[in-house]
Amino acid sequence: MRVNLGQNAQLAPPLRTKNMEGAVDIPARVNGSNDSLPKPHIKPDEYAAMHKRSLEQSDEFWRETANKMLAWDVPFKTVQHGSFDEGNIAYFLEGHLNASYNAVDRWAIRDPNQIAIIWEADEPGEDTKITYGELLRRVCQVAGTLRSLGVKKGDLVIIYLPMIPEAAIAMLACARIGAVHSVVFAGFSADSLRDRVQDSSARVVITSDEGKRGGRTIAAKSIVDAALKECPGVEHVLVVKRTGAEDVPWVSGRDMWLEEKMKEQRAYIPPVLMSSEDPLFVLYTSGSTGRPKGIVHTTAGYILCAALTVKDVFDVHAGDKFGCMADIGWITGHTYIVYGPLVLGTTTLIFESTPMYPNPSRYWDVVDKHGLTQFYTAPTSIRLLRRMGTEHVASYKLDTLRVLGTVGEPINPEAWQWYNDNVGRGQCAIVDTYWMTEGGAHMITSLPGAIRAKPGSATVPFWGIEPVILDPHTGKELHDADAEGALVIRKPWPSVARTIMHDQARFMDTYMRAYPGYFFTGDSAARDKDGYIWIKGRVDDVINVSGHRLSTAEIESALGGHPGVAEAAVVGAPDEVTGQSITAFLALKPDYVYESGEALVKELTIQVRRAIGPFATPKRIICVEDLPKTRSGKIVRRVLRKIVCNEADQLGDLSSVSDPSIVDHLKEKYAEATK
Ligand code: WTA
């Protein structure tokens with residue numbers, strides 16, 4: 001199945017840039033025509049040659065880029081080693097560097113007064129700014145604190161924090177002393193946090209007294225305490241004071257206020273020398289089974305692609321203010337709030353609130369107040385704000401913006417148009433960025449000054465990425481224009497994940513062996529006659545709700561924990577605002593007695609919220625007599641998917657379903673539930 005790169009690279013249709021149907025012209029603020037604005041880093045005629053070089057002379061390409069963009073303590077000699085087949089990818093092998101030095105020290109030394117972080121707190125008006133000089137001091141003091149607790153190179157630290165600067169500071173402090181951070185999204189429940197702490201064997205957890213979001217208070221410390229009841233390995237909990245709440249639950253000897261400990265620490269400690277391939281962080285993500293995967297990213301390749309994509313995909317220039325609205329607990333927050341912008345030495349925003357608080361103008365208020373030049377969010381937020389009405393955006397200037405980004409799911413053309421007209425005012429580039437936790441940084445995306453967007457398409461591959469579309473059944477490469485199939489990547493790139501923590505075998509099975517020799521993205525995609533890529537969505541048992549990646553198996557296992565549930569099957573239904581929504585079909589135990597259907601659904605909802613977190617709450621829970629099954633008892637989810645997608649007339653061959661008469665019952669129940 002392995003194929004020679006050079007030959008096959010030419011088989012895909014060449015990228016067309018002229019006379020394209022449906023393509024939008026490169027807009028005014030990024031096309032270089034306005035002398036008061038910066039010229040784009042990548043010009044229209046440069047993309048094709050640069051992309052070709054990044055594939056065909058990849059060693060030279062990455063050698064130059066890594067030397068230009070990163071500060072090395074010990075230079076690397078070998079650019080790349082290993083293959084997908086062997087699962088031993090490594091980049092910049094002999095090199096040594098430190099991610100926190102690259103993200104903080106370089107810029108603090110150059111200009112300590114430059115703003116590194118703008119923190120926009122939940123309550124409007126409570127924003128603060130942190131300079132690179134101040135960031136360096138705080139990173140050093142947290143690093144010193146961790147070290148004083150015995151944290152050493154290679155140890156894992158769990159970070160469970162709301163969207164406050166300390167989240168970024170804690171990540172960089174770990175990186176400074178070579179500790180591996182694992183940020184757990186603060187929307188996860190105590191049970192989910194417990195599973196991740198246990199899997200990671202962490203001894204130290206960093207959290208806060210409480211969190212604030214959309215005017216509500218989140219009891220972060222209490223959630224940590226509940227989680228840690230079953231984690232005897234955790235020796236220390238460092239607590240950031242966010243709200244100053246009284247009566248924060250406290251375990252003496254284990255818990256300490258981070259601020260107090262920081263006061264004992266020197267304001268400068270030297271960064272530890274790290275190999276390019278030392279792990280930088282672990283981030284858990286959902287896969288096809290109920291068990292989350294700890295995706296491991298290493299140091300040099302990851303920070304390189306993070307910074308390079310911020311520069312080229314968002315066309316960031318000196319003086320820009322970069323605003324990514326994601327949560328730090330997901331990969332988008334890691335790459336585009338923390339590492340990308342800071343390794344590039346730009347100003348980044350940390351936004352604690354929601355697009356709706358205190359009203360649906362919050363994003364635009366933030367853009368105008370801080371003069372953001374790039375704005376990055378998920379299609380689900382755009383759809384939500386579109387639904388609220390243009391009056392919430394119309395009175396804002398938004399004239400500092402040049403590039404608008406989207407991520408997390410395909411954007412529907414209507415939402416794209418709304419974003420373009422009402423936020424970009426027709427003058428900003430829109431970059432639809434396709435990538436995933438395992439990819440580390442953008443993989444398929446348009447480039448502001450070089451690639452014309454087509455609403456709904458992620459457009460073209462980034463440097464070093466060679467997307468290939470395979471026939472999902474035969475695994476054969478599809479080279480025609482208008483091909484559709486499984487999306488794989490042919491060759492390694494610097495920021496691709498290196499392993500799953502404690503589970504290299506699962507790593508190989510999931511990504512490298514699905515289609516041997518390639519990296520499997522988990523998505524299907526089509527390529528049009530112009531060579532543009534259109535992402536169709538996940539082909540595994542992962543669903544995407546408001547850009548949150550959820551495993552159906554994880555939700556099923558949460559529901560299965562309820563005493564009344566015999567079996568559960570979860571599928572994603574199309575949803576106008578959230579992209580997909582969770583629909584759960586349940587068969588109850590025959591002798592289970594319950595008070596009312598309503599009360600049962602409530603209990604089941606609590607069950608999921610407790611096991612995973614509020615963001616995994618099913619939109620619909622439908623109790624049915626039985627689930628569609630094969631004769632050997634395997635649930636046929638395809639039938640359920642067709643029903644929730646209103647395609648029940650296209651069920652196809654039902655011969656594998658042991659009792660086809662169940663289908664009518666399921667249809668009826670679904671119709672009832674959605675009436
Ligand atoms: C989906 C988020 C279409 C895709 C960065 C992928 C997208 C999954 C896009 C990864 C996009 C992400 N267009 N689909 N621009 N971006 N996806 O790991 O299905 O949370 O596999 O990373 O989101 O989700 P994850």
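**Close-up views of a predicted model**

**View 1. Helix α5 and the glycine that follows it.** Helix α5 is followed by Gly 150, a residue whose phi is positive, near 90°; helices here are DSSP runs of H or I with at least four residues, strands are DSSP runs of E with at least two, and both are numbered from the N terminus. The model is predicted, so that local features need pLDDT of at least 70 and side-chain atom pairs count only at pLDDT 80 or more, whereas totals for chains, interfaces and linings use all residues. Residues are numbered from 1 along each chain as its sequence is written, and side-chain values use heavy atoms, with hydrogens and water left out. Helix α5 covers residues 132–148, and its 17 residues should span 24 Å at 1.5 Å a residue, which agrees with the 24 Å between its end C-alpha atoms; the expected span is 1.5 Å times one less than the number of residues. The helix is mostly covered, with 13 of its 17 residues buried, where buried means under 20% relative accessible area, exposed means over 50%, and partly exposed lies in between (1.4 Å probe, protein chains only).

View 2. A nitrogen atom of the ligand is 2.7 Å from an N or O atom in the side chain of Asp 432, while a backbone N or O atom of Gly 408 lies 3.0 Å from a nitrogen atom of the ligand. An oxygen atom of the ligand is 2.7 Å from an N or O atom in the side chain of Arg 538. Of the 520 Å² of accessible area that the ligand has on its own, the protein covers 96%, the areas coming from the Shrake-Rupley method with a 1.4 Å probe.

**View 3. Surroundings of Arg 242.** Arg 242 is found in the loop between β11 (236–240) and β12 (255–257), and it counts as buried because its relative accessibility is 17%. Residues up to four places away in sequence aside, Arg 242 touches Trp 119, Ala 121, Asp 122, Ile 164, Ser 208, Asp 209, Glu 210, Lys 212 and Glu 352, contact meaning heavy atoms within 4.5 Å. The side chains of Arg 242 and Glu 352 are joined by a polar contact of 2.8 Å; a polar contact is a pair of N or O atoms within 3.5 Å, and within protein one must be able to donate a hydrogen and the other to accept it, while residues adjacent in sequence count only if both atoms are side-chain atoms.

View 4. In helix α12 (residues 362–370), the buried residues are Arg 362, Tyr 363, Trp 364, Val 366, Val 367 and His 370. The helix α12 is followed by Gly 371, whose phi is positive, near 65°.

**View 5. Positive phi at Thr 459 and Asp 482.** Most residues other than glycine have a negative phi, and most peptide bonds are trans. Thr 459, in the loop between β21 (444–445) and β22 (460–461), has a positive phi near 70°, and at 0% relative accessibility Thr 459 counts as buried. Asp 482, which is not a glycine either, has a positive phi of about 70° and lies in the loop between β23 (467–470) and β24 (483–489); with a relative accessible area of 59%, Asp 482 is exposed.

**View 6. Contacts of Glu 94.** Glu 94 is found in the loop between β2 (90–91) and β3 (96–97), and it is partly exposed, with a relative accessible area of 28%. Leaving aside neighbours within four places in sequence, Glu 94 is in contact with Val 74, Pro 75, Phe 76, Lys 77 and Thr 78, and its side chain reaches the backbone nitrogen of Lys 77 at 2.8 Å.
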